[in-house]
Amino acid sequence: MSNSAHRLADLHAQFHALVLPQLGALLAFARRRTASHSDAEDAVQEACVRAWTAFAELRDATKVRPWLYRILRSVLSDALARDGRRRLLVSITRLEDAHEALVAGDENALFTEVAERLSSEMVHDALATIPEDFAIAVELHDIDGFKYREIAEIVGVPIGTVMSRINRGRQLLAGAIAAGRATWAPGAQPRAAAGGQARPRTR
Amino acid sequence: MTTFRGSSETPLGDGENERAREQRHEVLAELLAAYSDQELPAEMAAQIDAHLLGCARCRGELIVQFAVRDRLAAEPTPAVPAGFSARVAAAIADLSRPVDDPSAPLPPAADPATARRRWHGLWVTWSGWAAAVVLGTLLVGQAGVLTDPGRRPWITATPPTSVAITDSIPMIDDAVANYRMIMAGDLPGRARDLAAVRAAVPFPIEPMGGSDLRLLAAWTTDIRGEPAAALAYRWGDRVIVQYVVSEQLFFRNPAVRRAVAASRTFVTARGPQSVIAWPEQVGGTLLVGDGLPEELNKVREMAGQH
C-alpha cells in the first residue's frame, strides 16, 4: 500500500471514530428543523460529506462536535435558502404575555411539574413556535450540552448574544408551554402553543 | 421588559433609589439563564445572588429557567436508524474511490450534489496521485513557505512549485470562506457592476483577460474587515473568483511576503480549493477556485500575470 493510501486509510479511521458517534445527536438536531426523517438524514449525510472534504482542516479533535454542528447548520441553512419557505411563528407578544403571567403569578412550582410531564412531541412543537435563533441557542445548550463559548462559535455570534438568546429563548418557550398547557392536557389533540401556527419545517 | 418586585424584607427607598434598583434589575434579569448555567464570572454571579434575595420576580424567573432547561436536558437522543451509519460511511468511501485516469473528463452530473461528491472524490484521490507532482517539489521539513531557490523570480508556463504549507493565514482563510459561501448560493453581483465596484474600492481593479475566461459578476466584499473587490469568472465548467485586496493587507502575513519575494507568487490549498496570490501594481490578487494549484495556475498564465 502506498503512503498516500495509508494516509487515506488513517483519515478514514479517524473520521469514523470522531464523526459516526455523533450521528444520533446530529440527526435529532436536523430532525427538529426538517419536514421528515428522510430530509434529516439527507441533511446529516450532506454534512458528513462536507465534513469529510474539509477534514484536514479540523486541527483539534476535541472540537469535532461544534465543528460538525456548524457544518450541519450550514447545510440546513442552504436547504432553507433553496426551498425559500418562510417560517410562520406564533406571535412573540402572546408568548411574552404568557411568560409574564407565569412569572408574575404563583404557578412556578406547577409549571415545573407541567414541564417535566411534557412529551418529546410537545417539546418539539413548543420549540417550533419560537424564532429559530432563540430555538437554536437553547437547543444547543440544553439538549446538545454545548457551553456558551462553543455555541458562539457554532452560530457565529458574540457570547453575550448567546446569553441573551438562551435567556429569552427559554422565556418564550415557557410562554409557549404555559399557553399550550390546556391544549396539551391529557386527551387533548396536540397543537401548536399559544393558539398560533407552528413554524413549518425547512423542507 | 420586566418589573422589579421587591420583597417585604427590602423596603423601597425614594424614587431615585427605586429607579436605580429597577435598572439594576433589568440588567441582572437578562443574565439569569447564564447564572443558572454557571456561565457567569464569580463576581457577577455573586451580584445576582444578592439581587435574588430581594427580588421575588427574579426568583420566579429562575425557577422557570431551571424548569425549561431541565426538561430539555432530559430529551433523549434518538437511536440512529439501522443502516444509516453504514450509509454515511459508504458515502464517504465513495468519495475516495480510486480514479483510474485522473485526466479523463467527468461524465455529466445528474445533480449538483452528485457532481460535488464526484469532484470531491477526484480531489481526494488526486491528492495522493498529485503529491509527487506538487508536493514532491517541496523541501520537506522546512516550516513556512518552501521555494525552489533556482527558479526565476516569476512563474512562466510551468506549474508553481512553491506551495505554502502553512497553518491559518487569515486573509487566505477569509477569501476561501467567502468563496465557499458564494459558491453555495447565487453570485451576489453582475458583470456590469464592475464600474460600481471600481468606484467603491481604493485600488485599481483590472479583470483578468484570456479567451477562456468570462467575467460573470463583480461585487464588493470584505477580507479581514477591509474592503475588497470580488470578480467571478467562468472558466470552462467552473467558476473561479478573483479577490483584489489592498497592498497593506496582501503583504501583511510573513508567509505571503516570503513566497512573493522568492517566486512572485504565493500558492496554497484549503481542502478542495486552491489559492494563488500575486501582487498587482497596486494591491494584490487572491485567485480562489476548486482544483489543484497547477490547474488554477493555468488561469493566471492565461491572464498574462507573469
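Read along its sequence, chain A follows the pattern α-α-α-α-α-α-α-α-α-α, with 10 helices and 0 strands. Helices (H or I, at least four residues) and strands (E, at least two) are DSSP runs, numbered from the N terminus. This is a predicted model, in which local features need pLDDT of at least 70 and side-chain atom pairs count only at pLDDT 80 or more, while totals for chains, interfaces and linings use all residues. Residues are numbered from 1 along each chain as its sequence is written, chains are lettered from A and ligands numbered from 1 in the order in which they are written, and side-chain values use heavy atoms, with hydrogens and water left out.

**Chain A overall**

- Of the 203 residues in chain A, 53% are buried, where buried means under 20% relative accessible area, exposed over 50%, and partly exposed in between (1.4 Å probe, protein chains only).
- Chain A exposes about 8800 Å², and carbon and sulfur atoms supply 51% of that area; accessible areas come from the Shrake-Rupley method with a 1.4 Å probe, and for residues only the protein chains shown count as cover.
- Among contacts in chain A between residues at least 6 apart in sequence, 75% join residues at least 24 apart; a contact means heavy atoms within 4.5 Å.

- On a 1 Å grid over the protein atoms alone, a cavity is a set of points where a 1.4 Å probe fits but cannot get out, and a pocket is an open set with protein on both sides within 12 Å along at least five of seven lines; lining residues have an atom within 4 Å of a point.
- Grid points are joined across faces, edges and corners, and a volume is the space filled by probe spheres set on the points.
- The count comes to 1 cavity of 30 Å³ or more, and the largest cavity has a volume of about 40 Å³.
- Its lining consists of Leu118(A), Val123(A), Ala126(A), Leu173(A), Ile177(A), Val68(B), Arg71(B) and Leu72(B).
- Two or more lining residues each come from α7 and α10 (159-179) of chain A and from α4 (56-73) of chain B, with α4(B) giving the largest share, 3 residues.
- By class, this lining has 7 nonpolar, no polar and 1 charged residues; Ala, Val, Leu, Ile, Met, Phe, Trp, Tyr, Cys and Pro count as nonpolar, Asp, Glu, Lys and Arg as charged, and the others, Gly among them, as polar.
- The buried residues of α7(A) include Val123(A) and Ala126(A), and the buried residues of this helix pack against α8 (132-143) and α10 of chain A and α4 of chain B.

**The second largest pocket**

- About 450 Å³ of space lies in the second largest pocket.
- Of the 21 residues that line it, the closest to its centre are Ala28(A), Arg31(A), His37(A), His124(A) and Pro78(B).
- The elements giving two or more residues to this lining are α2 (23-31), α3 (37-53) and α7 (120-128) of chain A.
- The lining has 9 nonpolar, 4 polar and 8 charged residues.

**Two buried strand residues in chain B**

- Thr221(B) is found in strand β3 (residues 213-223) and is buried, with a relative accessible area of 16%.
- The side chain of Thr221(B) makes a polar contact of 3.1 Å with the side chain of Asn178(B); a polar contact is a pair of N or O atoms within 3.5 Å, where within protein one must be able to donate a hydrogen and the other to accept it, and residues adjacent in sequence count only if both atoms are side-chain atoms.
- Arg270(B), in strand β6 (residues 266-270), counts as buried at 9% relative accessibility, and a polar contact of 2.9 Å joins its side chain to that of Asp173(B).
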